[in-house]
Amino acid sequence: MGRVFQSYNLFGHMTVIENIMYAPVKLLGKSRQDAYDKGIGQLFL
């Protein structure tokens, strides 16, 4: 059994990739390029 949430709580003033990159850059200290590469990989599996 799983859940599908209808409200994703993304930041409305950011693009999808910026929302994905936010946590790795701010919390984990990753570079923007590393976060971008990982985010693009997650979007286009």
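Colleague: Let's start with A35: what makes this residue count as buried?

Modeller: The relative accessible area of A35 is 5%. Buried means under 20%, exposed over 50% and partly exposed in between, with a 1.4 Å probe and protein chains only. At 5%, A35 is therefore buried.

Colleague: And what should I keep in mind about the model?

Modeller: It is a predicted model, where local features need pLDDT of at least 70 and side-chain atom pairs count only at pLDDT 80 or more, while totals for chains, interfaces and linings use all residues. Residues are numbered from 1 along each chain as its sequence is written, and side-chain values use heavy atoms, with hydrogens and water left out.

Colleague: How do you know which helix holds A35?

Modeller: A35 has its place in helix α2, which spans 32-43. Helices are DSSP runs of H or I with at least four residues, strands are runs of E with at least two, and both are numbered from the N terminus. On that count the protein has two helices and zero strands.

Colleague: Which residues are in contact with A35, beyond its neighbours within four places in sequence?

Modeller: They are M21, P24 and V25, where contact means heavy atoms within 4.5 Å. S7, by comparison, is 28 residues from A35 in sequence and 24 Å away in space, C-alpha to C-alpha.

Colleague: What does helix α1 pack against with its buried residues?

Modeller: Those residues pack against α2. In α1, residues 16-26, the buried ones are I17, N19 and M21.

Colleague: Why is N19 called buried?

Modeller: N19 has a relative accessible area of 15%. That value is below the cut-off for buried, so the label holds.

Colleague: What does the side chain of N19 reach at 2.8 Å?

Modeller: The backbone nitrogen of F11. A polar atom of the N19 side chain also lies 3.0 Å from the backbone oxygen of T15. Leaving out residues up to four places away in sequence, N19 touches L10, F11 and M14.

Colleague: What makes V4, Y8 and L10 a nonpolar patch?

Modeller: Patch residues have over 30% relative accessible area and no salt bridge; nonpolar side chains (Val, Leu, Ile, Met, Phe, Trp, Tyr) are joined within 5 Å, like charges within 9 Å. A salt bridge is a side-chain nitrogen of Lys or Arg within 4 Å of a carboxyl oxygen of Asp or Glu. V4, Y8 and L10 form such a patch on the surface, with about 390 Å² of accessible area together. Accessible areas come from the Shrake-Rupley method with a 1.4 Å probe, and for residues only the protein chains shown count as cover.

Note on methods. Polar contact = N/O pair within 3.5 Å; in protein donor to acceptor, adjacent residues only side chain to side chain.
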